[in-house]
Amino acid sequence: MDSSIITDLFREFTPMAPMLVMLLGALVMPAVSLGYKRRGGVAAVSLAAIAASLLINAVLLASGYSGEYGGLFGYDAFSGLMILLFQSVAFLAALVSASSTETTRLHFGAYSSLLLAATAGMMFVATADDLITIFVGVELASITSYILAAMKRKDPRAAEAAVKYVIIGGLSTAMTVYGLSMLYGVAGTTSLDGIAASLSTAGFSWAFGIAVVMMIAGYGFKIAAVPFHMWAPDVYEGAATPVSMFLATGSKKLGIVVFFKIFLLLFVAGSAVASFATEEVQYAFAIVAALTMTIGNVVAIAQTNIKRMLAYSSIAQAGYILIVMAVMSEYALTGGLFHMFTHVFMKGGAFLIVGALICVGVGEKISDYRGLGRRAPFLAFAMLVFLFALAGIPPLSGFTSKVILFSAAIFDGDGVMTQWIWLAFVAVLNSAISLYYYARVAKAMYIEKGESEAKLKVPAPFLAAIAVCLALTVILGVYPQLLLDFCADAASALFG
Amino acid sequence: MIYDLQIEIPYLLTLLLVVPLVGAVATAAMGGKRERYAKYVAGAFSAATMLLATVLLFTKDMGVYDESYSWIESAGLRMSYILHVDGLSVLMVFLSGLLVFLVTLFSSREGDRPNCFFALLLAMEVGLMGVYMSADYFLFYIMWEVTLIPMFFMISWYGGPRRHYAAIKFFIYTHVASVVMLIGIFALVFQSASGGVADFSFQAVLNGQFSDTFQAMVFLLLFFGFAVKMPAVPFHTWLPDAHTEAPTAGSVLLAGVMLKMGSYGIIRICLEALPQGAEHWQWLIIATGLVAIVYGAYACIAQRDLKKMVAFSSISHMGMVMLGIGCLSEAGIQMGIFQMFAHGLITAVLFMVCGLAGHNIGTREIPLLGGLASKMPLFAFFMMFGFMASLGLPSLVGFWAEFGIIFSFYEYASSNGMLWLIAFCLIALLLTAGYYLWAMQRTLFGRLTSKIDLSHVHDISRPEAAALGILCLLIIAFGFWPQAAFDFIEPYVGSLGAI
C-alpha cells in the first residue's frame with residue numbers, strides 16, 4: 001500500500017500523524033458537546049476521530065512506513081502495531097460509552113475528550129524514543145485515566161477507587177521519575193539509543209541498579225504486577241464499565257509497552273549491556289511474572305463480583321505477558337504482542353458484556369448471571385467464548401496466543417531448551433486453575449436457574465462491539481496468521 | 001481391509017469432520033416448534049457420518065485419503081492441518097461413527113430440548129473424529145479439548161441429581177491432565193525443531209532425535225495426560241461420578257470412545273515417538289494396568305448402582321488395554337488395540353442397558369431389583385448378552401481380546417521370571433465373572449421384586465432394541481471373525497517395529 005497521501009499531508013510530522021488526529025479530536029470534543037446536546041452525536045464525532053486516526057495508522061502500518069521526528073518520536077512496525085492496539089481499545093470503549101447507563105450522569109463531552117486524550121498519551125508512548133517523551137506520554141494517559149475513573153461522582157465506590165488510583169499512581173510516578181533521573185545520571189542522555197550506546201561501555205554501577213529497580217516498581221504499578229496490584233480490582237470495580245474495560249485492556253498494555261521499550265532496548269538491542277545485570281533482571285522479571293499470574297488466578301477464585309474477578313484475571317494475564325521480559329527473545333516478544341492483542345478482544349468482550357448487562361439491570365454479582373443462557377442467548381454464548389478463550393481452550397484466540405507465548409519459555413527459536421521451562425510450567429498450570437473460576441460463570445449462566453426468565457434486550461452499540469470482539473476471538477484462534485506476521489515484524493523492528 | 005469396494009470419495013477425512021459439524025449446527029438451529037424434528041436431522045447427519053466411516057473399512061489403501069494443508073506458518077512455528085487414518089485409528093473412527101449414530105437412535109425419546117441434546121452428540125463426534133484422524137500435534141490437541149466441552153454440557157444439562165458436581169469434576173480432571181500433556185507436546189515439538197522451525201506434525205517429531213533421559217521425562221508427562229483419561233487408578237475418581245450422572249448417550253460415548261482417546265494417545269504418541277521412554281517406564285505401564293484391572297473388578301462387587309458397577313468395570317477393562325500395551329510386544333499391543341475396539345462395542349451395550357433400567361424400571365439400585373426376566377424378556381436378553389460378552393464368553397468379541405492380552409502378559413511375565421504377576425489377572429477374571437453373574441442373579445432372576453412399584457414397568461422400545469441389536473450382531477460377528485479387525489491392526493503394529 002502507498003502511504004504518500006499521508007506523508008504529503010503531514011510531512012515531517014508523519015510519525016506522529018495518528019496521535020495528532022487523536023489529540024485534535026480530544027481538543028474539539030468539549031466544543032462539540034456544546035453544539036450537540038445529544039450524547040449520540042458527541043459519541044459519533046469521537047468515533048469519527050478514532051476511525052480517522054485508525055485509518056491513518058492502518059495505511060502507515062500496511063505500507064511498512066518508518067520514520068522519526070527529532071529523535072523524540074519514531075514510527076516503525078512495533079509502534080504502529082501498539083498504536084493499533086490502543087486505537088482498537090479506544091474504539092470499543094467509545095462505541096459503547098454513549099449507550100451505557102453508567103455514563104448518563106457524566107459530562108459526556110469531557111468524558112469523550114478525556115478518553116481520546118488518554119489514548120493519545122498511550123500512542124505517544126508507543127512511538128517514544130526518549131525517556132522524556134515516554135514519561136510525558138505515560139502521564140498524559142494516567143492523569144486522564146484518574147479523572148475517567150473518578151467521573152461517577154455520586155458513587156462512593158467510584159470515589160474510593162479514584163482516590164486509591166490517584167495516590168498509588170502518584171507514588172508510581174514518583175518512583176519512575178526517580179528511576180529515570182538515575183538512568184539519565186548514569187548515561188548522560190535521555191535518548192534510548194544514546195543510553196544503550198553509553199551503557200554498553202560502562203561497568204555496573206549502583207545508580208544503574210537503583211534505576212532499574214525503581215523503573216520495574218513504578219511501571220509495575222501501571223500494569224498491576226504483583227506486588228503492586230492492589231489498586232486494580234478496586235478501580236475496575238468502581239469505575240464505569242466502559243472505563244474499566246479501557247483500563248484493563250489499554251492502560252495495562254501501556255506499562256508493558258514501556259517495559260518493552262526501555263528494558264528490551266537496553267538489555268537486548270543494546271547488546272553490550274548484556275555483559276552485566278541482564279541475568280538478574282531476567283530473574284527478577286521471571287519471579288514477578290510467576291507471582292503475578294499465580295496470585296491473580298488464585299485470588300480470582302474467591303471473587304463473587306464479576307468485575308473484580310475479571311480484574312484479577314487481568315492481573316494474571318499481565319503475568320503471562322511478563323514472560324516476555326524474563327525470556328527476552330524475539331520469539332517471546334512475538335508471542336507477547338500477539339497475546340496482548342488477543343487479550344484486548346477476549347477481556348474487552350467480557351467487560352463489554354458486563355457493561356451491557358448493567359444497562360439492563362443485571363447486577364455485577366456472579367450469582368446475578370444465573371439463567372442468563374435463556375434470558376440473553378447471544379450474550380451468554382459470547383461470554384462463554386470469551387471466558388474459554390481467556391482460559392486457553394482451543395481453538396479460540398487465547399489458546400493460540402498462549403501456545404506461542406508459553407512455548408517461548410521452552411524454546412529459544414533454534415530448537416534449544418531455555419532455562420525458563422519452569423516458568424512455562426507455572427503458566428500452564430495457572431491456565432488450568434483459571435478454568436475453574438471461568439467455568440463457574442459458565443455454570444451460573446447455563447446450568448443454574450435464575451429468579452427471572454424475562455428476555456433481555458441490550459443496546460445495539462454494545463451488541464456491535466461484542467460481535468466484533470467475538471468474531472476476532474474466533475478468527476485469531478483459527479487463523480492467527482492474520483496478525484502473527486505483523487507481530488513478528490514488530491518484534492524484529494524492536495530488536496533491530 | 002475387509003473387502004475392497006473400489007470406491008474413492010474425495011476429501012473423505014475432511015468430510016468426516018465437516019458432516020457432523022454441519023449436522024451439529026443444523027440440529028442446534030431446530031429450536032422452538034421444530035424441536036420434534038431435531039432427532040431426524042441429527043439421525044440423518046450421524047448416519048451419513050457412519051456410512052462415510054464405514055467406507056474406510058472397505059478401502060484397500062487408506063493412504064489415498066491422507067490430507068495435508070499448511071495452516072499457520074509464522075514466527076518459527078509450523079502447524080498444519082494433516083489428517084491420516086491407519087490401522088490403529090480406522091477402528092476407532094468406525095466406532096465413533098457407529099456409536100454416535102446408535103445413541104442418536106437410542107435416545108430418540110429425549111424430550112428436554114432435544115435440539116441441543118443431539119447437537120451436543122454431533123459436536124462431540126467432530127472432536128472424536130478429529131482426535132483419531134489428526135496427524136499434527138496442534139490439531140490433535142485442539143480436537144482433544146473440543147471433545148470436553150460438549151461432554152461437560154451433556155452431563156450438566158441432561159444428567160442426574162449430582163450432575164453439576166460430576167460435570168465440573170470431569171472437566172477439571174481431564175483439563176488438568178491435558179495441559180500436562182500439552183507441556184509434553186511442547187517438549188517433543190521443540191526438541192525436534194530443526195532449522196529454527198518448530199514443526200507440529202507427527203512426522204516431524206518422529207524424525208527428531210531424543211536422548212534417553214529426555215524420552216523418560218517427556219514420556220511421564222504424556223503418560224500422565226493419557227492415563228487420567230483412560231482412566232488409571234488413582235486418577236479414576238472422576239469416571240464413576242461422570243458416568244452415574246451422565247445421560248445414557250453421554251455414558252455410551254464416554255466409555256465407548258472417549259476413554260479410548262487415552263489408550264490411543266499412549267500408543268500413537270508415547271510408543272511411536274518415545275520408544276525408549278516406554279521401555280524405561282514399562283514397569284509403570286504394567287503396574288498401572290494390573291492395579292486398574294484388580295481394583296476396578298474389586299470395586300464392582302461393592303456397587304449397589306448398576307451403572308456405577310459398569311463404570312468400574314470400564315476401569316478394569318481399560319486396565320486390560322494398558323496391560324496389553326505394557327507388554328511392549330507385537331502380540332500385546334495388537335491385543336490391546338483389539339480390546340479397545342471390543343470394549344467399545346460391549347460397553348455401549350452395557351450402558352444402554354443400565355440407562356433402560358433407570359428409565360423403564362425407575363431405579364438402577366441392584367438390591368431393589370429382582371426377577372425382571374419374566375417381566376422384561378428383551379431387556380433381560382440384552383443385559384445377559386452384554387454381561388456375558390464383557391466377562392469374556394468364548395465366541396464373543398471380548399474373549400479374543402482378554403484371552404490374547406493375558407496370553408501376551410503370560411509370555412512377558414514368564415520370560416522375565418515374574419510369573420506370579422499372572423495371579424492378578426486370574427483374580428481379576430474371577431472377580432469379573434463373579435460380579436457379573438451375581439448382579440445378573442440379583443436383578444434378572446429369582447423372585448419378582450416387591451420393593452418397587454412395577455405397574456409402569458415396560459420392556460424395550462423398537463429403536464432401542466434396534467440399536468442394541470446392531471451392537472450385539474457386531475459383537476458376534478467380530479467374535480467369530482476377529483481377523484477382520486486384525487487385518488487392520490497387524491500391519492500397523494508391524495510397522496511400529498522398533499519395539
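A residue counts as buried when its relative accessible area is under 20%. All views below show a predicted model.

**Figure 1. Leu474(B) in helix 20 of chain B****.** The relative accessible area of Leu474(B) is 18%, which is under 20%, so the residue is classed as buried. Beyond the neighbours within four places in sequence, Leu474(B) is in contact with Leu98(B), Leu345(B) and Gly479(B). Glu8(B) stands 466 residues from Leu474(B) along the chain, and the C-alpha atoms of the two are separated by 25 Å.

**Figure 2. Salt bridge between Arg109(B) and Glu464(B)****.** The closest N and O atoms of this pair are 2.5 Å apart. The two residues belong to distant parts of the chain, 355 residues apart: Arg109(B) sits in the loop between helix 3 (87-106) and helix 4 (114-133) of chain B, and Glu464(B) in helix 20 (residues 462-480) of chain B. Arg109(B) is partly exposed, at a relative accessible area of 39%. Glu464(B) is buried, at 3% relative accessibility. Helix 20 of chain B is also the helix that holds Leu474(B).

**Figure 3. Salt bridge between Arg304(B) and Glu365(B)****.** Here the closest N and O atoms are 3.1 Å apart. The relative accessible area of Glu365(B) is 23%, and the residue counts as partly exposed.

Figure 4. Thr443(B) is buried, with 1% relative accessibility. Leaving aside neighbours within four places in sequence, its contacts are Leu306(B), Ile366(B), Leu369(B), Gly370(B), Gly371(B), Leu372(B) and Met383(B).

**Figure 5. Salt bridge between Lys164(A) and Glu160(A) within one helix of chain A****.** The side chains meet with an N to O distance of 3.6 Å. Both residues lie in helix 7 (residues 156-187) of chain A, four residues apart, about one turn of the helix. Lys164(A) has 30% relative accessibility and is partly exposed. Glu160(A), at 45%, is also partly exposed.

**Figure 6. Ala51(A) in helix 3 of chain A****.** This helix comprises residues 39-62. Ala51(A) is partly exposed, with a relative accessible area of 33%. Between Ala51(A) and Leu423(A) the C-alpha to C-alpha distance is 39 Å, and the two are 372 residues apart in sequence.

Figure 7. Chain B contains 21 helices and three strands. The radius of gyration of chain B is 22 Å, close to the 23 Å from the globule rule for 499 residues, so chain B is as compact as a globular protein of that length. Its C-alpha trace spans about 75 × 60 × 45 Å along the principal axes. Of the 499 residues, 66% are buried. When contacts between residues at least 6 apart in sequence are considered, 82% join residues at least 24 apart. Chain B exposes about 16600 Å², with 66% supplied by carbon and sulfur atoms. There are 23 positive and 29 negative side chains in chain B, and the centres of the two sets lie 17 Å apart.

Figure 8. Chain A contains 21 helices and two strands. Its radius of gyration is 21 Å, close to the 23 Å that the globule rule gives for 496 residues, so chain A is as compact as a globular protein of that length. The C-alpha atoms fill a box of roughly 70 × 55 × 45 Å along the principal axes. Buried residues account for 64% of the 496 residues. Among contacts between residues at least 6 apart in sequence, 81% join residues at least 24 apart. The accessible surface of chain A is about 16000 Å², and 68% of this belongs to carbon and sulfur atoms. The mean positions of the 27 positive and 26 negative charges of chain A are 18 Å apart. Over all chains, the structure holds 18 salt bridges.

Terms used:
Residues numbered from 1 in each chain as written. Chains lettered and ligands numbered in written order. Predicted model: local features only at pLDDT ≥ 70, side-chain atom pairs only at ≥ 80, totals over all residues. Heavy atoms only, no water. Rg over C-alpha atoms; globule rule 2.2 N^0.38 Å. Buried < 20%, exposed > 50% of the residue type's maximum accessible area, 1.4 Å probe, protein only. Contact = heavy atoms within 4.5 Å. Areas by Shrake-Rupley, 256 points an atom, 1.4 Å probe, with all protein chains shown as cover. Lys, Arg positive; Asp, Glu negative; His and termini not counted. Charge placed at Lys NZ, Arg CZ, Asp CG, Glu CD. Salt bridge = Lys/Arg side-chain N within 4 Å of Asp/Glu carboxyl O.
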